[in-house]
Amino acid sequence: MAKGEWKRSGTDDVQLTGRSECEVFDDGTNTFFWRAHTVTVLFILFFKFFLFSRNHHGSVFYTEITTHFLQCLFLICVFFLFFRGIVASILVFLCFGVTQAKDGPFTRPHPAYWRFWLCVSVVYELFLIFILFQTVHDGRQFMKYIDPKLGVPLPERGYGGNCLIYDPGHPADPFHNIWDKMDGFVPAHFLGWYIKTLVIRDWWMCMIISVMFEFLEYSLEHQLPNFSECWWDHWIMDVLVCNGLGIYCGMKTLGWLSMKPYQWQGLWNIPTYKGKIKRIAFQFTPYSWVKFEWRPASNLRRWLAVLGIIFTFLLAELNTFYLKFVLWMPPEHYLVLLRLVFFVNVGGVAMREIYDFMDDPKFHKKLGQQAWIVAAITVTEFLIVVKYDPNTIMLPIPFFITQCWILGIVLILIWTLWRFFIRDITLRYKETRRRRQEGSSERDRVPGHADGSNLATSGRSKLNGSMDTVRHRKP
């Protein structure tokens with residue numbers, strides 16, 4: 001596909017730039033499921049609301065019961081009516097967003113799927129804003145309305161203690177320390193980094209984030225006991241085994257996706273049943289593929305963008321642990337898992353929008369909607385952590401750890417100044433000096449000029465030579 005050629009992307013036409021995007025063939029078949037169906041969804045939605053309102057008309061208040069029981073029942077009914085009202089409002093907003101919101105960069109398996117997660121992002125951000133503006137006690141007790149088991153302080157589990165890989169004092173099972181660490185978080189680590197690699201699409205960035213988070217766990221283990229782990233748990237099980245294997249499998253998947261031919265054909269245009277089944281399966285693969293070339297050292301804008309991406313990733317990772325700590329949620333609670341599932345679905349879209357905004361700012365003049373809301377969610381989660389438990393956040397970091405972080409920040413600043421300021425100024429000075437030297441050498445090599453300066457100079461020298469000869473002859 002030549003540069004400047006138009007490519008079909010969802011329902012919009014997007015002009016391609018010089019980025020490395022694969023060729024896509026699409027026969028343009030527009031089936032029933034690819035239309036918006038705005039009127040149909042609106043009719044079905046309010047028809048359901050009409051039936052729901054007729055079946056739940058509040059006749060329970062006319063029952064002849066005692067006054068105290070009536071008051072309790074009234075409060076319960078008010079709560080459930082209030083709860084149903086919130087759920088109904090969210091449902092209306094989701095239906096509006098799925099049918100009317102702007103399409104993002106992804107079209108598979110269906111644009112409505114990504115519009116749905118965009119609307120879920122907005123709902124989640126509004127929920128976080130609500131929790132942020134509650135008191136600490138009210139916010140924690142509000143979680144009881146979601147799950148009655150919440151709202152109770154839970155002790156964090158420590159992963160430190162005995163760090164011997166082979167424990168001779170336990171002859172029945174000397175490797176018990178390793179087996180104790182083999183919990184459900186081991187496959188979660190692998191799967192998480194496999195998906196993060198598909199999102200970031202760069203080996204170096206994934207490894208930097210993986211290693212940096214282990215340094216953060218070392219630095220913050222005095223605040224959260226959950227960060228206290230053995231050295232081999234940090235660097236062998238996490239970085240090398242779980243994270244490293246997930247990144248490796250993710251890079252292999254990226255290689256397959258970049259080499260895969262993207263030829264789309266309508267389901268009813270495929271003659272065989274095997275071809276139809278294969279087409280349905282490939283519906284859950286990308287419509288096209290863009291290789292991310294971050295090139296952080298190419299200019300200052302890309303360098304700052306990559307630093308911001310790494311910082312946001314690390315902050316979102318820390319929010320996972322700090323949120324369940326300040327809101328009193330156990331690590332195995334389903335809300336923690338739902339949050340991770342949420343970020344899996346919105347992270348890929350946000351990263352693609354960030355890359356487009358960074359790589360082609362002339363065409364993408366503003367940050368994408370999903371990237372904007374994900375950044376807002378990350379910051380809001382951090383503000384909740386700061387408000388709900390400032391004492392934990394403000395615990396002083398050990399002095400030697402502070403020195404290490406200051407040294408790292410100073411080295412990054414020095415490299416930034418050298419790479420994008422001092423080095424550029426030096427290269428410009430050398431280039432200017434080289435051009436001047438080339439210009440002077442060219443003037444020296446040319447025998448004469450149009451202004452006749454060299455000719456006048458040579459004539460004058462000859463004249464001076466002849467006059468000297470005459471002067472010598474006179475005596």
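Which residues have the most contacts inside the largest nonpolar core? I looked this up in a predicted model. They are Phe-227, Trp-294 and Phe-342, in a core of 53 residues.

**Core, by helix.** I then listed the helices that each supply at least two residues of this core: H3 (111-132), H6 (185-200), H7 (203-220), H10 (300-326), H11 (334-359) and H12 (369-388). Of these, H10 gives the most, with 10 residues.

**Phe-342.** I checked its partners, leaving out residues up to four places away in sequence. Phe-342 touches Trp-117, Val-120, Ser-121, Tyr-124 and Ile-377.

**Second core.** I found a separate core of six residues. Leu-254, Leu-257, Tyr-262 and Trp-289 are among them.

Helix H8 (residues 231-259) provides the largest share, four residues.

**Whole chain.** I counted 15 helices and four strands. Of the 475 residues, 34% are buried. The accessible surface comes to about 30100 Å², and carbon and sulfur atoms account for 69% of that area. For contacts between residues at least 6 apart in sequence, I recorded that 71% join residues at least 24 apart.

Key. Residues numbered from 1 in each chain as written. Predicted model: local features only at pLDDT ≥ 70, side-chain atom pairs only at ≥ 80, totals over all residues. Heavy atoms only, no water. Buried < 20%, exposed > 50% of the residue type's maximum accessible area, 1.4 Å probe, protein only. Contact = heavy atoms within 4.5 Å. Areas by Shrake-Rupley, 256 points an atom, 1.4 Å probe, with all protein chains shown as cover. Core = buried A, V, L, I, M, F, W, Y, C linked by side-chain atoms within 4.5 Å.
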